[in-house]
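Dear colleague,

I am handing over the structure below, and the notes after it set out what was found. Please read them with the structure open beside you.

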Amino acid sequence: MKPTPGISELIQAFNLKTDVPMAAYTRLNVGGPADLLAQPGTRQELVQLLKASRKLSVPVTFVGGGCNLLVSDQGIRGLVVVTTKLKSGIRMQNLAGKRVRVIMEAGERLSTVCTYAARHGLTGLEFCAGIPGTMGGAVVMNAGTASHGIGELVHNLEIMDLKSLDIHTLEKQDLVFPTAGSLWKARSSWASHWIWLRVTRMKSNRQSTPF
Ligand SMILES: Cc1cc2nc3c(=O)[nH]c(=O)nc-3n(C[C@H](O)[C@H](O)[C@H](O)COP(=O)(O)OP(=O)(O)OC[C@H]3O[C@@H](n4cnc5c(N)ncnc54)[C@H](O)[C@@H]3O)c2cc1C
């Protein structure tokens, strides 16, 4: 990436890392350098970074836990946004009867959410136990087993339109989770425009006594 004054300002303003080997951010520990890399900790920080990057036409790639990524030795051009710090705690809302919603952001680890569910006596997520990565990655990949995918549990999602940088909520009926491949492949019109910012309201169908 050409070191223009604009890019230098972007690096300084957002404290971006440069020429970062992606091997450090993928489960396979392989992959060449990302030109620029950020790990925003808040949605506000992310939005400001994306706005500034868009002004400079810097391409953006999102990475969660890097558990489903194989990055070539050539690396990734533009900005890589690693989402693993985008988390603000897991919350639970009680609904009618024994139903609950569990709300978290995209950077939350799936394993942390499974532990949270177990600690609070929630059922429904058992098939996710042992699957590495973040909630954002899990939703994009519809992570799960041969018989269950995380999409079954998603009640709604907040996403960001990369063109307008507006945030929208998608309801369950707006989403078609594929049994193979990523959600982006199933809805190709979103592929270049949308990202997962936050996963909200995972639904557990039963609540038993906490252990
Ligand atoms: C040992 C091992 C066991 C596994 N077992 C299973 C299994 O049993 N079942 C299963 O389904 N999978 C399994 N996987 C694959 C992997 O764990 C899942 O695909 C997981 O959901 C990937 O999450 P991640 O956060 O690592 O996503 P990443 O690998 O970082 O990203 C995957 C895709 O999602 C996109 N993405 C990630 N986060 C965001 C975001 N917030 N916004 C926009 N796009 C985003 C990335 O750009 C990329 O295209 C396994 C992997 C390993 C290494």
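Two strands are said to pair if DSSP finds at least two bridges between them, and the strands (E, at least two residues) and helices (H or I, at least four residues) are DSSP runs numbered from the N terminus. This is a predicted model, in which local features need pLDDT of at least 70 and side-chain atom pairs count only at pLDDT 80 or more, while totals for chains, interfaces and linings use all residues. Residues are numbered from 1 along each chain as its sequence is written.

With those terms in place, I begin with a hairpin. Strand β5 (residues 91–94) pairs with strand β6 (residues 100–105) in the antiparallel sense over 4 bridges, and N94 stands opposite V100 in β6. Between β5 and β6 there are 5 residues, and G97 in the turn has a positive phi of about 65°.

An open sheet is formed by 4 strands in the order β1-β2-β4-β3, with mixed pairing. Its edge strands, β1 (17–21) and β3, each pair on one side only. On average, neighbouring strands of this sheet are turned by 45° against each other, direction ignored, where the axes are lines fitted to C-alpha atoms. Within the sheet, β2 (residues 33–38) and β4 (residues 76–82) run parallel and are joined by 4 bridges, and L37 stands opposite V80 in β4.

Helix α1 (residues 5–13) holds I7. Not counting residues up to four places away in sequence, I7 touches M1 and L56, contact meaning C-beta atoms within 7 Å. I7 and L56 are 49 residues apart in sequence, yet 7.5 Å apart in space, C-alpha to C-alpha.

Finally, the ligand. Of the 25 residues around the ligand, G64, G65, G133, G136 and G137 come nearest, a residue being near if its C-beta atom, placed from the backbone, lies within 6 Å. At least two residues of this shell are supplied by each of β3 (60–63), α4 (135–141) and β10 (194–204), and α4 gives the largest share, 5 residues. Domain 1 (5–82) and domain 2 (91–204) both contribute to the shell, so the ligand lies between them; the domain bounds come from an automatic or database domain assignment.

With kind regards

Conventions
Axes are lines fitted to C-alpha atoms, for helices over the stretch in contact, and angles run from 0 to 180 degrees between N-to-C directions. Two residues are in contact if their C-beta atoms, placed from the backbone, lie within 7 Å.
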